[in-house]
Amino acid sequence: MMVNSLRSVLPYKTLVILVSLFSFMTTTAFSMSSGEEENVSKKTVSKKKKTTRKKKKTKKKESKPEELDATAEVVQTAELLVYISRFVNIQTLAHMRLTSRLWRDASYFSWTKYLAEHDDLEAQVNLAQIYKEDPNKSQKSEEEVSYWYERLARSPYPSKEQRQRMLIFTLDGGGIRGLLTARVIQHWEEELAEEFGFEVHIADFVDVIAGASTGSIIGLGLTVPTEFDKYKAKYPASKLAGIYEEEGLTIFPQSKYRVGRWAKSTKQFFSKSKFSATPLENTLERYFQSVRLSQATQNIHVLVPAYSLSENGPVWFDGSKAKKDPEEDPMMRVVARCSAAAPTYLCAGEFKGQHLVDGGILKNDPSHKAYLKFGLKTNKEVIVISLGTGEETRELPVKKLKEGGDVQWAKHITPIMMTGIAKETEDDMRLLDEAGVLKYYRIQSTLEKAVLDDASEKSIDTLNEAAKILIEGNPQVREVYQELAQICLPQSKILEHKLKLISLFPILNFSNLKIGGDRYFSTFNENLRNAPQLTHLHLRRCGLTADHAETLCEGLNANTTLVYLDLSENGIGPTGVNYLGRLLKNNKSLTELDLHCNGIGKGNPRATLSLFKRKKGKSTFLTSLDLSDNDISSEHFSPILEALIEVKDGSPLQTLTLLGNNIMLSKEAKKMVRDLKQKSLFILFDKK
């Protein structure tokens, strides 16, 4: 773009001079234009008043939500910033930023967002320093920039444009057996998070997701963006597995009695679909809401098959087409509903006046189509990862079928067609793999009985066990994991970059990053001392011990702005709690503390009292404290309750969470808890 052309013609010193002149000219032009506007005659102004009022009214109606994407001007400005930051010092860069009208008017949010998406770490740190020194920054811009730097610093992956490979994920149909697919993807996400130390979502790796029938529900679910960031996926695979475990019996209700099951089968055979589509539609609406196909996170290409009864032909919902044509951009829940409408089980879905049924009867494994659609167009290495939902090991009733009529074939025709199409696709893809055209992984399990609609507890347990056997016994599961692991950057690079940002922003999130090592934690704590404006610090699951807690409290001892501290899912124990108690003796700003899952209850029952009481019986300044899942017993809780009674009249504590502990309240203790509730302190227990 503009930077590349300038770079090839001009040396950097000349470029800096030109940018400075550009800044001066834009500022001067802006001031001149504003001066001319002030000289407009009063008569002209009065004539325009009425029309201005009318325009304001219409503008209110036509106004749209502010776009988050950077404008062309902001992009060009940000590119200049990236280039120039390599040659000039921060002070010069800051001067140009503050004197240019264009740079000043373009919100920090827009061009920080641009930089965050273009992987120039040095320029990003420079920008953060400029922002810190800008006296004109607002609270809103502070929150926006903090958020985008947070997303940037936690991003463990190079941008997809920079990668030399294209990953295509394809997901088979199979009704309730989609649980198998979700569990395998969940395994990859959790294993990668464990090894690399940060939150991992499969959407961060994949370029294309194609899913048929139940595979469309999982595939689309993996691409739903969060409400505040279209580049962050909303649902991990574990959440999507919950659709099958928690909603399965609602979508596929099971009758307890043989008569009821027989009645449903008779209804399915002679007249209507076996199940009502309403429960499935309600579930899809809850998960997908109004998200459209074109809004798939990280610009993932989505491909979903269905079959049109109205046109007697295939229909492909294509995310790349949806981005170009609003008429081809249905809501994701509509796409999933149509593709999952298995004949005889659920009635057809509707889109644009057409009645559509299960895409599995067209392409139960859409690998070949996804490759032809997207893989052929790239010069990158193509990797296709195809996930099945289990093959049935039972033999077909050949004697019945070889001369059977409608009645004999009715039960078997659909699964036979879907299995046959999937196996043919697998053969085609293996031929392409052998020819060196692509890499192909087919991950499939075997099931004694492969049923679409058995959502009983026994069936769910069987599927979970089958997923476990598949994960442990299939070597291709490990091979795919290694392919995904190659995409993750070394954790050291992420931590080193993130450590540079500690002193710059009020909100820091190191959750899931393994900073417990001596090399990283010493640097972290040193920079923490130079962060006087820090308000929120997230250190969930960072591998911290009691020794780390001691060092951390020393680093925060002089801080007067921290209001929220999350140390959950570490191992600081009762000794670490003692160090926190010392911090709370003099700290008046810290009001929210999360210590759930830290093994606090394994030591002296009186160790936690320092979280509630300071010297001379005065309370700490906490308003919210989470001690869930800490092995706290009734014996451990008794001194805590006594301390709360002692200091409550002068204590600001409003919520104490004790879920997941082994606390049995006596009658006297229950009365004390009720008394505290009347004084506006809510203690949350498990119901027993």
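Trainee: Which residues are in contact with Glu483, leaving aside its neighbours within four places in sequence?

Mentor: A contact is counted when heavy atoms lie within 4.5 Å. By that rule Glu483 touches Arg165, Ile383, Lys439 and Tyr441, once neighbours within four places in sequence are set aside. Please note that this is a predicted model, in which local features need pLDDT of at least 70 and side-chain atom pairs count only at pLDDT 80 or more, while totals for chains, interfaces and linings use all residues. Residues are numbered from 1 along each chain as its sequence is written, and side-chain values use heavy atoms, with hydrogens and water left out.

Trainee: Where is Glu483 found, and is this residue buried or exposed?

Mentor: Glu483 belongs to helix 23 (residues 475-487); helices (H or I, at least four residues) and strands (E, at least two) are DSSP runs numbered from the N terminus. Its relative accessibility is 6%, so Glu483 counts as buried; the term means under 20% relative accessible area, with exposed over 50% and partly exposed in between (1.4 Å probe, protein chains only).

Trainee: With which side chain does the side chain of Glu483 make a polar contact?

Mentor: The partner is the side chain of Arg165, at 2.7 Å. A polar contact is a pair of N or O atoms within 3.5 Å; within protein, one must be able to donate a hydrogen and the other to accept it, and residues adjacent in sequence count only if both atoms are side-chain atoms.

Trainee: How many salt bridges does the count come to?

Mentor: A salt bridge is a side-chain nitrogen of Lys or Arg within 4 Å of a carboxyl oxygen of Asp or Glu. The count comes to 17. One of them joins Asp318 to Lys373, with the closest N and O atoms 3.0 Å apart. This pair links distant parts of the chain, since Asp318 is in strand 4 and Lys373 is in helix 18 (residues 367-374), 55 residues apart. Asp318 counts as buried at 5% relative accessibility, whereas Lys373 is partly exposed at 23%.

Trainee: What salt bridge does Asp365 form with Arg442, and at what distance?

Mentor: Their side chains meet at 3.4 Å, N to O. Asp365 lies in the loop between helix 17 (360-363) and helix 18, and Arg442 in strand 9 (residues 439-443), so the pair ties together parts that are 77 residues apart in sequence. Asp365 and Arg442 are both buried.

Trainee: Where do Lys671 and Asp675 lie?

Mentor: Both lie in helix 29 (residues 667-678), four residues apart, about one turn of the helix. Lys671 is partly exposed at 48% relative accessibility, and Asp675 is partly exposed at 29%. Elsewhere, salt bridges that share partners join Asp172, Asp365, Glu426, Arg430 and Arg442 into one network.

Trainee: How many aromatic pairs does a search of the whole structure find?

Mentor: Rings of Phe, Tyr and Trp (its six-membered ring) pair if their centres lie within 6.5 Å; planes under 30 degrees apart count as stacked, over 60 as edge-to-face and the rest as tilted. The search finds six pairs. Among them, Phe521 and Phe524 form a tilted pair, 5.6 Å centre to centre with 35 degrees between the planes. Both residues lie in helix 25 (residues 518-528), three residues apart, and both are buried. Together with Phe510, Phe521 and Phe524 form one aromatic cluster.

Trainee: What is the phi of Asn312, and what is the phi of Glu569?

Mentor: Most residues other than glycine have a negative phi. Asn312 has a positive value, near 55 degrees, and is in the loop between strand 3 (301-308) and strand 4 (313-318). With a relative accessible area of 59%, Asn312 is exposed. Glu569 also has a positive phi, near 60 degrees; Glu569 sits in the loop between strand 13 (564-566) and helix 27 (573-586) and is partly exposed at 26%.

Trainee: How many helices and strands does the chain have, and what share of its residues counts as buried?

Mentor: The secondary structure comes to 29 helices and 17 strands. Of the 688 residues, 50% count as buried. Among contacts with a separation of 6 or more, 80% are between residues 24 or more positions apart.
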